[in-house]
Amino acid sequence: MTKIYPPLEIPETLAAGPGPGNTDPRVLERFAKTGVADHMQADVLRGMIEAKYMLRELWGTDNVYTYGVAGTGFTGLDCVLSMILPGDKVVAFPNGTFSGIDSLTIRMKAATKEELAENSLDPKASSVTIVETPHGQSVTGETVEKALAEHKPMWAFMAHWETGSGRINDLKGFSDACVKHGVMGIVDAVSSLGVDDFNIDDYPGVVAWASCPQKGVLSLPLTYAPVSFTDKAIEVVKDRGCRTYVNHPILNARHWGIMDGKDVEAPGYHQTHSCYAVAAFHEALRIILNYGKAAKAASYAYHERALREAVEAMGCDVTSDMTSLVVLNLPGKLAGREKELVQGARAKGFGIWPTLSEPVQVRIGILNQLSEEQITEIVSRFADAMLEMGADFDKAQVMAGLQSYYAKKAA
Ligand SMILES: *Cc1c(COP(=O)(O)O)cnc(C)c1O
């Protein structure tokens, strides 16, 4: 017999990891207050078109092919990486968990039929060169320049902000090297969009970008992964095709009112978009643009510094340089107990994370936690978690230090 479970209750936790970020109540309100309407109803379509224009503003681009792919960050990445066909020459520059998974996607797309059959879940594609930068370090422009000069690929790939290790990679160096060597760059901007203040049109070597709903865009009610393609990328897809219907860079754009390279008033059906998701995504974009990209980026930098200084005062060593996240090593006495610390915190509804690939470190994120009050709560709970495991520091002193950081800055 089928067992019927009670309704699913999920508690409110403090989501202080690399993502997802805490969803703004206004986004949830749009989600819940939206009436049921089909995916071709006029206001749903209008919402998608308005969201498309707001996305261009957020990405900082005139690219017509800028829209949302229904799903998570990896769905958007699947869409942009679907431009890569079997046998294409690619150089990828991973430096942590996520760019590592992206590199796997690239090997799956570029593998020949034989290479895929050989090891279908982890194919070795001879046309793909993987240039690893160790965890905890950033991909440099020199690394990219050297590899592109040597391999002369069709495509190059890099993450802008690698969330696995909390590192910012050299986007300008990547783009410049792509321009110099006539390579088409593809960038995973899952962690940077909505956090950093940048305009993708300033990076002409990059022809396609992908982000996600749940990090800087802060629209967790599973909505849309923002993507953007230059006309050149779209031309390549049009000439050569690609092997997906639902994540097809050109076909997917139809529902957002983009056809034959132009904005059109009457979108065409692609898939059954959710009116609730459209309304939530639209509101999330309104919130970011109202806040202002530059103001938001400055706010992240300001509060990240407060958190960083507080965990350093507890004896931790921070190895990240992203502004939405600190990645740290515990002090000597607690080293090796990172997973235990994280599990203890999570059991109490304090959602911090370990790194997902070696070496094991602790990650604390501040997505949508941009106030003194919220950072103080995170610092206090992290201090408690460390003290419970026997760390030596004076919590009152750490909290006073944090308070004086905010008092000084406010003055
Ligand atoms: C989170 C993340 C992803 C994956 O996004 P999902 O929403 O989990 O699919 C990919 N790349 C980077 C850099 C990320 O931070």
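This tour goes through the sheet, then a helix packed on it, then the ligand site. The model is predicted.

**The sheet**

Start by colouring the strands. Seven of them form an open sheet, in the order S2-S10-S9-S8-S5-S3-S4. The pairing is mixed. Now select residues 65-70 and 128-130. These are the edge strands, S2 and S4, and each pairs on one side only. Look along the sheet: from one strand to the next, the twist averages 15°.

**A helix on the sheet**

Select residues 42-59. This is helix H2, which packs on the sheet. Helix H2 touches S2, strand S9 (206-210) and strand S10 (224-229). Its direction makes about 110° with that of S2.

Move to residues 90-92, strand S3. Three bridges join S3 to S4, and the two run parallel.

**The ligand**

- Thr-163: a polar side-chain atom lies 2.3 Å from a ligand oxygen atom.
- Asp-188: a polar side-chain atom lies 2.7 Å from a ligand nitrogen atom.
- Ser-191: an N or O atom of the side chain is 3.5 Å from a ligand oxygen atom.

Finish with a surface view. How much of the ligand does the protein bury? Taken alone, the ligand exposes 390 Å², and the protein buries 90% of that.

Terms used. Residues numbered from 1 in each chain as written. Predicted model: local features only at pLDDT ≥ 70, side-chain atom pairs only at ≥ 80, totals over all residues. Heavy atoms only, no water. Pairing = 2+ DSSP bridges. Helix = DSSP H or I, 4+ residues; strand = E, 2+ residues; numbered from the N terminus. Axes fitted to C-alpha atoms, helices over the stretch in contact; angles between N-to-C directions. Contact = heavy atoms within 4.5 Å. Polar contact = N/O pair within 3.5 Å; in protein donor to acceptor, adjacent residues only side chain to side chain. Areas by Shrake-Rupley, 256 points an atom, 1.4 Å probe, with all protein chains shown as cover.
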